[in-house]
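Please read these points with the model open beside you. They go from the whole chain to single residues.

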Amino acid sequence: MHELHALPAATRERLETFLDGDDNADGLSYVATHGFLTALTVGPVLPALDTWLAALFDDQPVAADPALAAEITAALVAWQKEIHATLYHGQPLALPCPLSIKLTEPTELNDWCVGFMEAMFMEEDRWYQDDEDTVADLTLPMVVLSDLIDEPEIQPLRRDPKLARELAQQIPDVVTELYLLFHAPKTV
């Protein structure tokens with residue numbers, strides 16, 4: 001990762017405490033927020049800050065205290081820049097949770113995938129407009145593991161432990177491929 005955009009440990013801890021705490025009743029958890037910011041970063045367009053903050057916090061204020069809201073907003077922007085710098089410099093993105101799932105109960109990876117999908121839904125048409133098949137293939141792990149899409153053809157994928165584990169393991173590579181698909185210079 002590019003050191004210029006590395007998130008200080010204290011800022012990361014502050015974000016985790018806030019996002020997983022009682023003051024964030026309407027927003028995504030720390031792990032889901034990472035998925036959300038990752039999708040914002042790899043997707044075809046980065047929505048305006050006010051737009052994605054509203055989606056992240058379910059149209060509620062970031063925090064009741066304006067100073068805390070400004071602190072958390074600045075930390076979220078810095079975290080998104082850290083994710084971007086990691087991918088821009090060709091480094092694999094480390095998720096803040098194990099790449100493991102359980103078929104009987106939700107895991108942090110399921111939460112990460114929910115966050116990813118929530119951000120993707122914001123600009124869904126733009127994600128699929130140029131290469132629907134490739135994007136559908138690349139986002140399959142997040143679609144399946146988020147459990148947000150209730151299509152009949154996805155249910156067997158969710159119930160197959162071996163396939164679900166394989167999909168989970170693909171996520172870091174898929175994130176890189178999506179980033180390159182939308183952000184690498186196009187060759188003619």
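**Notes on the model**

1. Among contacts (heavy atoms within 4.5 Å) in the protein chain between residues at least 6 apart in sequence, 70% join residues at least 24 apart.

2. This is a predicted model, in which local features need pLDDT of at least 70 and side-chain atom pairs count only at pLDDT 80 or more, while totals for chains, interfaces and linings use all residues. Residues are numbered from 1 along each chain as its sequence is written, and side-chain values use heavy atoms, with hydrogens and water left out.

3. The protein chain has 9 helices and 0 strands. Helices (H or I, at least four residues) and strands (E, at least two) are DSSP runs, numbered from the N terminus. In order, the elements read α-α-α-α-α-α-α-α-α.

4. The radius of gyration of the protein chain, taken over C-alpha atoms, is 16 Å. This agrees with a compact globule of 188 residues, which would have a value near 16 Å; the globule rule is 2.2 Å times the number of residues to the power 0.38. Along the principal axes, the C-alpha atoms fill a box of roughly 45 × 45 × 30 Å.

5. Of the 188 residues, 42% count as buried. Buried means under 20% relative accessible area, exposed over 50%, and partly exposed in between (1.4 Å probe, protein chains only).

6. The protein chain carries 10 positive and 33 negative charges, and their mean positions are 6 Å apart. Lys and Arg count as positive, Asp and Glu as negative; His and the chain ends are not counted. Each charge is placed at NZ of Lys, CZ of Arg, CG of Asp or CD of Glu.

7. Which residues of helix H3 (residues 49-56) are buried? They are Trp-52, Leu-53 and Leu-56. Seen down the axis of H3, these buried residues fall within an arc of 105°, so they line one face of the helix. The arc is that of the directions from the helix axis to the C-beta atoms. The buried residues of H3 pack against helix H2 (30-42), helix H4 (66-88) and helix H5 (108-122).

8. Most residues other than glycine have a negative phi. After H3 comes Asp-58, with a positive phi near 50°. Asp-59, in the loop between H3 and H4, is not a glycine either, yet has a positive phi of about 60°. Asp-59 counts as exposed because its relative accessibility is 62%.

9. Asp-147 lies in the loop between helix H7 (132-146) and helix H8 (155-159). Its phi is positive, near 65°. With 51% relative accessibility, Asp-147 counts as exposed.
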